[in-house]
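These are my notebook entries on a structure that I went through element by element. I record what I looked up and what I found.

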Amino acid sequence: MLVAHGSRDPRAAEATRALGRAVSAARPDTPVWTSWLDHTEPGPTEVLRGLAAAGHRRAVLVPLLLTAAYHHRVDIPAAVAAATRAGPSLEVRVTDVLGPADGTVETTLLAGLRRRLGESWTGRFDALVLAAAGTRDARARGSVGLVADALGAEFGVPCRVSYASAAPPETGVAVARLRAAGARRVAVAGYFLAPGLFHDAVAEAARTAGAVAVADPLTDAPELVELVLRRVDERSGRVLAPAV
């Protein structure tokens, strides 16, 4: 079961459904369900109760989150507890988030970010900004920094973090600082799983500040599908293998 944050923007829910379809196609022997913590139905508690009522005894829950902040620590455990408090027994295993869980940046995550950057800009760039949604959680921000460092190392250019909310710097500021330091072609990697108002704001601010490209969210990139299934296999005890 995939659990997304949820958004008032319908594009976000459709992106989650698209990822669910891609995961199902890659693992056709396993039923795949999608759910949302907010704004879109069904919620994870409802889906888990439905699975238990249908006779399923085990489920693996994958948080479609890039940082292990409040939603991973509080909302998801609460949803699982509410679903398993009464009714038929259901064993629920919750995976790590898709971002760095133990200080390690998954190569598949970097490959997905590289894919989206390549789709947005075929030329060279001499600096990068990794634009994330934002969080007040210092550890979560640290994990975003790990991804930025790894992405910059992949391309051999400086890579700075920016946020759409909750923490500085804003994306336009990060782009402007790199340009002021001498970078002529600054590209922005979108550290987002789905489109929405935050990504729209990042794109507008980046282009206004002079960025040459803004990458789309990861959505249903093949590398993200592989990462989701890797998280499932890590929690279910299956032999790890490429998903796509």
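Entry 1. A histidine in a helix.
I began with His72, which has its place in helix α3. The model is a predicted one, and I read every value below as computed from it. Is His72 buried or exposed? I found a relative accessible area of 19% for His72. The limit for a buried residue is under 20%, so His72 counts as buried. I then listed the contacts of His72, leaving aside neighbours within four places in sequence: they are Pro63, Leu65, Pro77, Thr95, Asp96 and Val97.

Entry 2. Confidence.
I checked how far the prediction may be read. The average pLDDT of the protein is 92, and 96% of the residues score at least 70. I noted one stretch for caution: residues 238-244 have a pLDDT below 50, although in the model this stretch makes 18 contacts beyond near neighbours in sequence.

Entry 3. The helix pair α2 and α3.
Two packed helices are described by the angle between their axes and the distance between the axes. For α2 and α3 (residues 70-84), I recorded axes that come within 8 Å and cross at roughly 35°. The crossing in which α2 passes α3 is right-handed. Which residues meet in this pair? From α2 I listed Pro44, Thr45, Leu48 and Arg49, and from α3 Ala79, Val80, Ala82 and Ala83. Sorted by class, this contact of α2 with α3 comprises 6 nonpolar, 1 polar and 1 charged residues.

I next looked up Pro42, which I located in the loop between β2 (34-36) and α2 (44-53). Its relative accessibility is 23%, and therefore Pro42 counts as partly exposed. Apart from neighbours within four places in sequence, Pro42 contacts Thr34, Ser35, Trp36 and Val47.

I traced an open sheet of 4 strands in the order β2-β1-β3-β4, with parallel pairing. Which strands lie at its edges? They are β2 and β4 (91-94), each of which pairs on one side only. From one strand to the next, the twist averages 30°. Between strand β3 (residues 58-64) and β4, which run parallel, I noted 4 bridges. Arg58 has Glu91 as its bridge partner in β4. Helix α8 (residues 222-236) packs on this sheet and touches β1 (2-4), β3 and β4. The direction of α8 makes about 140° with that of β3.

Entry 4. The sheet that contains β5.
I traced a further open sheet of 4 strands, in the order β6-β5-β7-β8, and its pairing is parallel. At the edges stand β6 and β8 (213-214); each has a single partner strand, so one side of each is left without a neighbour in the sheet. Helix α4 (residues 107-120) packs on the sheet, where it touches β5, β7 and β8. I recorded about 130° between the direction of α4 and that of β7.

Why do I describe strand β5 (residues 127-132) as largely enclosed by the rest of the structure? I do so because 6 of the 6 residues of β5 are buried. In a regular strand the side chains alternate between the two faces of the sheet. In β5, I found Ala127, Val129 and Ala131 pointing one way and Leu128, Leu130 and Ala132 pointing the other way, all of them buried.

I then followed the pairing of β5. To strand β7 (residues 186-191), with which β5 runs parallel, there are 6 bridges. Val129 stands opposite Val188 in β7. To strand β6 (residues 159-163), also parallel to β5, there are 5 bridges. The bridge partner of Leu128 in β6 is Cys159. Lastly, I checked the burial of β6: 4 of its 5 residues are buried, so β6 is largely enclosed by the rest of the structure.

Technical notes. Residues numbered from 1 in each chain as written. Predicted model: local features only at pLDDT ≥ 70, side-chain atom pairs only at ≥ 80, totals over all residues. Heavy atoms only, no water. Helix = DSSP H or I, 4+ residues; strand = E, 2+ residues; numbered from the N terminus. Buried < 20%, exposed > 50% of the residue type's maximum accessible area, 1.4 Å probe, protein only. Contact = heavy atoms within 4.5 Å. Axes fitted to C-alpha atoms, helices over the stretch in contact; angles between N-to-C directions. Left-handed = near helix turned anticlockwise from the far one by under 90°. Nonpolar A, V, L, I, M, F, W, Y, C, P; charged D, E, K, R; others polar. pLDDT = per-residue confidence, 0-100. Pairing = 2+ DSSP bridges.
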